[in-house]
Amino acid sequence: MNTQNTPFSLSRRQMLMGASAFALSGMAPRFGAAAAIPKHVLKAQKLDAQILPPDWPKTPIWSYADTHPVPVLRVKQGERLQVLLQNELDQPTTVHWHGLRIPNAMDGVPDISQAPVQPGETFLYDFKVPDAGTFWFHPHVNSSEQIGRGLHGALIVEEHNPPKVDRDLVWVLDDWRLTQDGAISDDFNRGMDISHGGRTGNFVTLNGRASEPLKVRKNERIRLRLINVANARLFGLNFENHDVHIIALDGQPVPPHSPKYDMVLLAPGQRADVILDCTGDAGSTHKILDIVYENDTLLFNELVYEEGEPLHASPPGPVPSLTPNRLPEPDLGNAENHEIIISGGAMSRMQGAVYKGEYRPIGELVKDMRIWALNGVAAHTTAMLPMLTFAENKSHIVTIKNETMFPHPMHLHGHSFRILSIDGEPVPNTPWADTVLLGGHGTAEIALVADNPGDWLFHCHILAHVQGGMTSVIRVA
Ligand code: C2O
Ligand code: CU
């Protein structure tokens, strides 16, 4: 078992700053007192952050806040959220609210929903949050580099009647590609990453830092909100000796259930809310392993039970269900059918694709590293013609076929969809999601009501694949 968080020989103690998650509330925006003052400010900026353990050098990252770790915004379901983005980077940026079903103008996609926010400029995001759940936000300009350098945060939309837990923790899962001196490796255009599995890192973090054991007490009930913000890495967490229950996926409640293969699987972009009941003995220690990569199991973290009295006299009772959000139910019997074919990448038989408005043979695509296509089109910008048009307020079933060797977590903006089947197998309870993971040569069937008008991105959340052309637009009109 390789438990090395390569390439560094570090102590495997990864830390947890989730409990002290940085709240942005109360930061004063820098503009005239007359203007309505938003509660939250995201200042995209350069920052030196302690990603590696304390005795290692700091890492120059890009951040939304003046201090590390990853910012966490908390808001109540139905509340109005106003967030002022200040761009102090030297390149344009935006904020996309991943998984939120909000109006198109607030979606943060350059050239579709807004002009990119130039250096020194600001943009006010202002919308109501429709669904309770675990969401996140990140730029949608030069995403591979901007997210890869650290621009992301968690958005927690609290239920009006949250389940009773002893602690509610946000765990932002990430990996970073660092050099020996702790800097972020600047190879964001590596052809190998674009054409294969994406830009995986060599240092895994929890809330933007090396993780430290989670101290728990016997009979404690913890809600863990897991968010995979990595550019390409999958996470599959296994909680040794603990029977965790998934209660929500991609922010949307699911009937509580144990994860398949005892592994909470998260592709880039995906979230899972899990109930961790601490049923171990005082003084005991249990591993949290990342078992998703065969032959490369990683010790992700540890649960360490404190000595002494249990937190409660008896173990927590039945796992609570969350109240479902109000989503429009697709009418499968009267739905329009659509198909999306994913092609390209290394070792593919793709002969060519439409690129910059014209069919080009693969040799020409390779020169620009635009080697992934959705329905035969390799994207070079988000300002593109719709790949599909969905009649507004109608039900739609989309069959997605992955004709490539690689897994792709496919993400749709502005909507949640039900996952009907994966590889032809019906998915129990057809969970709502905004990102569905297709295996190499896999298929998925999803269904939704197209109730949010506008042009919406549909893309892979492996960000190097986006660089490689794997973006498309679906129009709801
Ligand atoms: Cu999380 Cu279009 O992205
Ligand atoms: Cu992909």
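1. Let me start with a word you will need: a residue counts as buried when its relative accessible area is under 20%. W97, with a relative accessible area of 0%, is therefore buried. Please keep in mind that this is a predicted model.

2. The whole structure holds eight aromatic pairs. In one of them, the ring centres of W97 and F127 are 5.3 Å apart and the planes meet at 65°, so this pair is edge-to-face. W97 belongs to strand β6 (residues 96-98) and F127 to strand β7 (residues 122-128), so the pair ties together parts that lie 30 residues apart in sequence. F127 is buried as well, because its relative accessibility is 3%. Both rings also belong to an aromatic cluster made up of Y64, W97, F123, Y125, F127 and F137.

3. Distant parts of the chain are linked here: W372 sits in strand β24 (residues 372-374), while F406 sits in the loop between β27 (395-402) and β28 (408-412), 34 residues apart. W372 is buried at a relative accessible area of 0%, and F406 is buried at 11%.

4. Next, the open spaces. How much space lies in the largest pocket? The answer is about 960 Å³. Its lining has 28 residues, and L249, K260, L265, I422 and V427 are the closest to the centre. Several strands each supply at least two residues of this lining: β15 (245-249), β16 (252-257), β17 (264-266), β29 (417-422), β30 (425-426) and β32 (435-438). By class, 19 lining residues are nonpolar, five are polar and four are charged.

5. The second largest pocket holds about 460 Å³ of space. It has 22 lining residues, with N142, R370, H380, V466 and Q467 nearest its centre. Two helices, α1 (143-148) and α4 (463-467), each supply at least two residues of the lining. Which element gives the most to this lining? That is α4, with three residues. The lining residues of this second largest pocket divide into nine nonpolar, 10 polar and three charged.

6. The largest cavity has a volume of about 70 Å³. Its lining includes I147, G148, W176, R199 and N231. Two or more lining residues come from each of α1 and β10 (167-176), and β10 makes the largest contribution, with three residues. Sorted by class, the lining of the largest cavity has three nonpolar, five polar and four charged residues.

7. Is S284 buried or exposed? S284 is buried, with a relative accessible area of 17%. You will find S284 in the loop between β18 (271-277) and β19 (285-290). The side chain of S284 makes a polar contact of 2.8 Å with the side chain of H286. Leaving aside residues up to four places away in sequence, S284 touches L303, V304 and Y305.

Definitions and conventions: Residues are numbered from 1 along each chain as its sequence is written. Chains are lettered from A and ligands numbered from 1 in the order in which they are written. This is a predicted model: local features need pLDDT of at least 70, side-chain atom pairs count only at pLDDT 80 or more; totals for chains, interfaces and linings use all residues. Side-chain values use heavy atoms; hydrogens and water are left out. On a 1 Å grid over the protein atoms alone, a cavity is a set of points where a 1.4 Å probe fits but cannot get out, and a pocket is an open set with protein on both sides within 12 Å along at least five of seven lines; lining residues have an atom within 4 Å of a point. Grid points are joined across faces, edges and corners, and a volume is the space filled by probe spheres set on the points. Helices (H or I, at least four residues) and strands (E, at least two) are DSSP runs, numbered from the N terminus. Ala, Val, Leu, Ile, Met, Phe, Trp, Tyr, Cys and Pro count as nonpolar, Asp, Glu, Lys and Arg as charged, and the others, Gly among them, as polar. Buried means under 20% relative accessible area, exposed over 50%, partly exposed in between (1.4 Å probe, protein chains only). A polar contact is a pair of N or O atoms within 3.5 Å; within protein, one must be able to donate a hydrogen and the other to accept it, and residues adjacent in sequence count only if both atoms are side-chain atoms. Contact means heavy atoms within 4.5 Å. Rings of Phe, Tyr and Trp (its six-membered ring) pair if their centres lie within 6.5 Å; planes under 30 degrees apart count as stacked, over 60 as edge-to-face and the rest as tilted.
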